[in-house]
Amino acid sequence: MRSVLILAVFFALLIVFGAALAPHDPNALNIPKRLSPPSTEFLLGTDALGRDVLSRLLHGARWSLGLAFVVSLISLAIGTCAGLIAAQGGKIADWVMMRVTDTFLAFPELVAAVVIAGLLGAGTWSLIFALSLTGWMRFARVARGTGLSVKTRGYVVQAQLAGMPAWSIARWHYLPALLPSLTVVWTGAFARAILGISALGFLGFGVQPPNPEWGSMLLDARVHMRSTPLLMIWPGLVVVTCVLAINLSGDALRDAIAKDA
Amino acid sequence: MLTVDTIAVKRGSKLALQNIAFTLAAGKTLAVVGESGAGKSTLIAAILGFLKPIQGQIAWSGQPVRSCRPALVMQEPRAAFNPVLPLRRSVLEPVVAAGQSVPEARIKRLCDGLEIKEEILERRPNEVSIGQAQRVGILRALIAAPPLVLFDEPLSALDAVTQKHTARLIRDLQAEEGFAALIVTHDLGYAVAHSDEIAVLRAGQIEEISTPQQFVTAPKAGYCQALRDAAIALGGLEAAA
Amino acid sequence: MSKTLFGLLLRTLVVLAGTAFLTFALLWNAPGDPAAAIAMARFDALLSQEVIDQVREEVGLNTSFWPAFWSWLGPLLCFDFGNSAVTGRPVWPDLWGAMTYTFPLAFAGLMIGLGVALPLAIFAAKRPGRLSDRIAVAIASLGAAIPAYWLGLLLILLFAVQLGWLPAMGARTPAHAILPALTLGLGVAASLTRIIRSGILEARGQAFLPAIQRRGVPEAAIGRDHIAPHAAIPVITVFGLELAFLLEGAVLVEVIFGRPGLGTFLVSAIAARDFPQVQAVVLLTALVFVVSNLIIDLLYRLIDPRIGERDA
């Protein structure tokens, strides 16, 4: 739990304050110095329009990480509600809810996201919509499973017998039981959202230029692969680092929970 | 008074209980005995309204049982408490739900009667012994002074010494509080020693309802007699016989 | 058993119907005037309202939702995906043509993935917790974090641009398929390694194994008869998951490498707002996923009969 917390705080700081650390305006054009190699002025070099790559990467955190954060939280909310409805609503609600989940799961995530984002028209909102709509199912499955097991536990029966209000039972009995497993799923969802946002950006369906999103930076850099290969290395490296860090802390959290149980 | 009027209860597609009928008056204790799978837990679930009977009625003085705020003491003492909260929070749930103020004096008196220190209520379930947890479970059951308390194998998780002790505490508290007690158990010795009436449950039906005296001296021929003889052979009925 | 099998088939059928409905509803509710977009794509010019209305009627966009849905679903059951809204040609032959590029690529990716993952997982599971295991797991974790499109670009950079060994773009010769298949395969290998490894470890943790070993059964026989079947269940599960990964990975890889196939087909169909084509691709991928999951569920029951009895 602690490693995830530290990581979440670090990413939050990066999202909020990353832009403030940028040495240059991420959109300031500097054509004479286009495609320049790393130097003391431009630590990671400049892109095809002479914009500072480091500044664009730092500003990009707001898009790539920030949007992924929003997407993963929306998925969490939708999935948890769906899962708890399935767990609590009786046999028919459960069956219907799980078939709806199966149906959404049947579409490969990225294919569905590309189609949705592409048809809604490229842009931030359609990106959030597309990735949330394709990312909630794992939360639903886990929330349902945990919900079903919590439902029959002694303390929940006792709380119902005592006549505790439903919100109180949800807050004090369900939430602590759901939190660890949902956090593990959330780390996975966060990592996948980062990959999804950059993939859509790379395909041109995501965040639109001139906003500095990592995937679309990669798309820009691709054209200059022969002359300036470094330009293509940086955004990818940042994506891999973030995803790897999230995945590893998610693994650590899962192992810690497994040891607890 | 608890009235169970010829109910039948289904579990899944199977008939788990049928033709169950008895009454239980305030201050009295009914022990329901039977082997595992006889339908004891189903009976408790039905009385508490977690399962709806497909036939017959269950009522507390003409009202639905849940309206009298009955309490339940569970078989697994620790599982009855939320593992992440201090015991006190769980104990106070019946009081909080009823919108009453915290009865400090009553908690103290019940703790004395149950021979537990009030401080252990600040601990979490895995920080107390099983025996302590079970007594805290009884405390929670009694805190809002319910007229009806159900005990689901209340002693089976405890060791022999603690069992005897806890059984006596329940008996003493009942004398003091005057609640009606329904005790589900497979322990015949306990049923004989601490109840006013014994109902023998077998395969979802009641074989016989009798006083402990009758049960020991002149059980109905067949299953009940075999049950008594087995218990005597195992030394479980020495005290009563 | 027959009852749960019936339940399984019913579930599959409901999910298939659900995917068809979702696919249609999504495209039906897409913003903008699809008829205008189609007319634009077809005639490549700004058009009068009459022409647009004519197009609308022609492609069946002038009715309400349900009639349109039913008239779309009927032919679909005979694998008739309708005609392309843009070219007017039937969708199915073009789609089939795209699939002949994608499926071999996905298969090659899977084989490369297995070829890398199986030895790596066995190597890792030999001494769990030791350095060799940690290194293998670290490689797998790193692999899982690398996005396919970046890996593809790196491979192009290394093998096509710097070394000049392999062609990068297009699909003219078999050599053109090497880099795309490698991109796809390495991604698959990353997740396969982890799952096969934990499958082996779990199977080896079975309570009865020490007893068999003590009886002197040779290691190789134990591995074949007792560990492999237990490790097979998670591996089969993963094949279901990998299939989705392969399909969406193929979409990206095709775009990166400029290969024809489902991915390029889909992206150009979206750009042209060619609804029948988009519907066909989406539905096809979902169909592949659902049917393969059904097969996997049936395989489970073959390997471990207890599974069928458990989930009633």
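The model examined here is predicted. Chain B contributes 21 residues to this contact, and chain A contributes 13 residues. Together, chain B and chain A bury about 1500 Å². Carbon and sulfur atoms account for 62% of that area. On the chain B side, the greatest losses of area to chain A fall on B:Phe50, B:Asn82 and B:Glu93. These residues together make up 30% of what that side buries.

Polar contacts are present between chain B and chain A. Seven residue pairs were counted, with both residues at pLDDT 80 or more. Two elements of chain B, strand S5 (71-73) and helix H3 (93-97), each supply at least two residues of the side that touches chain A. H3(B) gives the most, with four residues. By class, this side of chain B has 15 nonpolar, five charged and one polar residue.

The other interface joins chain C and chain A. Among the two pairs of chains that touch, chains A and C have the most contacts. Here 45 residues of chain C meet 40 residues of chain A. The area buried between chain C and chain A is about 3800 Å², with 82% of it on carbon and sulfur atoms. In chain C, C:Tyr149, C:Trp150 and C:Leu153 lose the most area to chain A.

One salt bridge was found across the interface of chain C and chain A. C:Arg194 pairs with A:Asp251 in a salt bridge, and their closest N and O atoms are 2.7 Å apart. Six residue pairs, both at pLDDT 80 or more, are in polar contact between chain C and chain A. Several helices of chain C each supply at least two residues of the side that touches chain A, including H6 (131-145), H7 (148-162) and H10 (219-257). H1(C) gives the most to this side, with ten residues. By class, the side has 35 nonpolar, six polar and four charged residues.

Chain B and chain C do not touch. Their nearest C-alpha atoms are 12 Å apart.

Helix H7 (154-162) of chain A and helix H1 (40-47) of chain B each supply at least two lining residues. The lining comprises nine nonpolar, six polar and six charged residues.

How values were computed. Residues numbered from 1 in each chain as written. Chains lettered and ligands numbered in written order. Predicted model: local features only at pLDDT ≥ 70, side-chain atom pairs only at ≥ 80, totals over all residues. Heavy atoms only, no water. Contact = heavy atoms within 4.5 Å. Buried area = accessible area lost by both parts, 1.4 Å probe. Salt bridge = Lys/Arg side-chain N within 4 Å of Asp/Glu carboxyl O. Polar contact = N/O pair within 3.5 Å; in protein donor to acceptor, adjacent residues only side chain to side chain. Nonpolar A, V, L, I, M, F, W, Y, C, P; charged D, E, K, R; others polar.
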